[in-house]
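Here's a quick briefing to read alongside the model. Have the sequence and the 3D view open, and follow the topics in order.

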Amino acid sequence: MREINASIPFDKALWRQDIAGSRAHVAMLGAQGIISEEDAATIDGGLAQIAEEYERDGVPEDWDLEDIHMTVEARLTELIGPVAGRLHTARSRNDQVATDFKLWVRGAIDQMDAGLAELQRALVTRAGEHAESVMPGFTHLQTAQPVTLGHHLMAYYEMIRRDRSRLSDARARLNESPLGSAALAGTGFPVNRETTAKALEFDRPTANSLDAVSDRDFAMDFLFACSTCAVHLSRLAEEFILWASQPFGFVTMADTLSTGSSIMPQKKNPDAAELVRGHAGRVIGCTTALMVTMKGLPLAYSKDMQDDKPPVFEAAGLMELSIAAMTGMVADSTFKTDRMREAAQLGYATATDLADWLVTEADIPFREAHHITGAAVKLAEERCCALDELPLADLRAIDARIDERVFAALSVDASVAARASYGGTAPEQVKAQVAQARAALGMDG
């Protein structure tokens with residue numbers, strides 16, 4: 001029972017939040033006259049001393065004390081004697097742990113958001129450098145149309161922007177204080193929950209004591225946001241893994257985020273990217289673990305909820321590492337733009353431009369233009385050349401309505417420049433999106 005019941009090995013991570021919550025609670029007890037101001041001051045001084053000890057020496061693990069809450073209270077009793085027992089007046093471990101956990105998750109959200117902002121800055125910086133760098137765009141991992149590297153990187157900026165929005169939404173829903181809900185029914189003491197909520201920088205106290213102590217939506221919200229973000233990071237990592245492979249050759253990874261082989265000296269393995277890709281599965285697993293833990297629990301508190309913290313702590317740690325790794329990867333990798341351009345030119349990526357030209361300049365229905373373009377691509381494949389390298393006579397042999405104006409539309413540069421619709425890959429559009437992003441991130445202020 002001692003081993004299955006103890007949570008101090010992991011919930012000691014909440015010590016800062018536990019002491020902050022206790023100091024806010026005891027200040028309120030003193031202000032409300034529930035305990036004397038003298039006792040409140042004594043308790044607060046003891047809590048401040050414990051915080052100094054834990055900051056310096058770490059939190060001791062005594063499994064007989066079960067958790068961080070009893071560990072702090074036991075040390076407080078050692079320091080100030082029986083008056084320490086007044087701290088728990090009008091409070092239960094149920095509202096105490098809910099408050100501590102909310103404070104921890106709120107801090108984790110803020111830390112993750114700051115890390116994602118740094119990743120966005122890296123993406124925007126590199127996108128600005130490569131607003132005109134042509135590369136193949138893919139669908140089904142087949143060359144589709146030419147795009148710019150800047151446009152490609154800004155796609156991930158948009159994903160991370162949505163991730164930060166999800167974190168912001170989760171934080172807003174989270175920011176209600178459970179403290180004062182007691183075990184499940186509230187308390188008969190004349191507490192002032194608005195005071196403690198304000199002291200802990202919550203927007204307001206929770207409205208229902210049963211919900212307050214049994215709610216872990218805030219933890220699941222955080223994990224949902226982590227899972228989606230981890231998927232985005234995994235996709236970006238997979239891009240780098242592909243691009244760094246010899247068949248692609250689009251990027252050279254920084255040595256700081258790569259490793260060598262134990263047997264093959266020529267190898268430079270994208271291990272950091274692969275681990276980010278792997279971490280996504282673990283983060284999604286953490287989300288599933290908490291959902292399954294919570295799905296069958298009646299109101300209010302059950303001991304199953306002690307298992308709420310390990311998956312959240314694990315996911316937060318994995319996300320911190322993944323975000324840092326991808327930020328470094330984006331910022332420090334060398335993009336091989338000549339190779340990217342070559343791949344775009346060799347992949348018949350301007351075939352759509354030929355079809356569009358036939359529609360707009362030769363007044364040919366699109367389906368017929370599509371058929372003509374297919375014949376041109378087949379001929380280029382047989383000749384082992386790009387579309388714009390086919391002689392005009394050969395193109396006219398396919399369809400006599402083609403004239404010399406077509407070549408202005410068949411280069412990769414002309415193709416990307418033509419995609420000037422809002423949100424398109426044209427360099428002018430990419431530069432505009434980069435400028436907006438820089439302003440949103442405060443990079444020019």
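In this predicted model, α11 and α12 run roughly antiparallel to each other, because their packing angle of about 155° falls in the range over 145 degrees that counts as such.

**Helices α11 and α12**
- Helix α11 covers residues 271–294 and helix α12 covers residues 309–332, and their axes lie 9 Å apart.
- The crossing of α11 past α12 is left-handed.
- On the α11 side, the contact uses A272, A273, V276, H279, R282, V283, C286 and L290.
- On the α12 side, the residues are P311, V312, E314, A315, L318, M319, S322, A325, M326 and M329.
- Sorted by class, the α11–α12 contact comes to 14 nonpolar, 2 polar and 2 charged residues.

**V312, a residue of α12**
- V312 sits in helix α12, and it's one of the residues in the contact with α11.
- V312 counts as buried because its relative accessibility is 0%, and the cut-off for buried is under 20%.
- Setting aside neighbours within four places in sequence, V312 is in contact with F101, W104, V105, A219, F222, L223 and L290.
- One of those partners, L290, is also on the α11 side of the helix contact.

**Helices α6 and α7**
- Helix α6 (residues 93–129) and helix α7 (residues 149–174) have axes that come within 9 Å and cross at roughly 165°.
- That angle is over 145 degrees, so α6 is roughly antiparallel to α7.
- The crossing of this pair is left-handed.
- The residues in the α6–α7 contact split into 17 nonpolar, 2 polar and 9 charged.

**Cysteines**
- How many disulfides does a search of the whole structure find? The count is 0.
- C226 is in no disulfide, and its nearest cysteine sulfur, on C229, is 7.3 Å away.
- C226 is buried, since its relative accessible area is 0%.
- C286 is in no disulfide either, and the nearest cysteine sulfur to it is that of C226, 8.9 Å away.
- C286 has a relative accessibility of 4%, so it counts as buried.

**I402, in a loop**
- I402 lies in the loop between α16 (392–398) and α17 (407–410).
- Is I402 buried or exposed? It counts as buried, because its relative accessibility is 1%.
- Not counting residues up to four places away in sequence, I402 touches W357, L358, I372, L392, L395 and R396.
- I402 and R204 are 198 residues apart in sequence, and their C-alpha atoms are 70 Å apart in space.

**S411, in a loop**
- S411 is in the loop between α17 and α18 (412–418).
- S411 counts as partly exposed because its relative accessibility is 22%.
- Leaving out residues up to four places away in sequence, S411 touches T350 and D388.
- S411 and V213 are 198 residues apart in sequence and 64 Å apart in space, C-alpha to C-alpha.

How values were computed. Residues numbered from 1 in each chain as written. Predicted model: local features only at pLDDT ≥ 70, side-chain atom pairs only at ≥ 80, totals over all residues. Heavy atoms only, no water. Axes fitted to C-alpha atoms, helices over the stretch in contact; angles between N-to-C directions. Helix = DSSP H or I, 4+ residues; strand = E, 2+ residues; numbered from the N terminus. Parallel < 35°, antiparallel > 145°, perpendicular 65-115°, else oblique. Left-handed = near helix turned anticlockwise from the far one by under 90°. Nonpolar A, V, L, I, M, F, W, Y, C, P; charged D, E, K, R; others polar. Buried < 20%, exposed > 50% of the residue type's maximum accessible area, 1.4 Å probe, protein only. Contact = heavy atoms within 4.5 Å. Disulfide = S-S within 2.5 Å.
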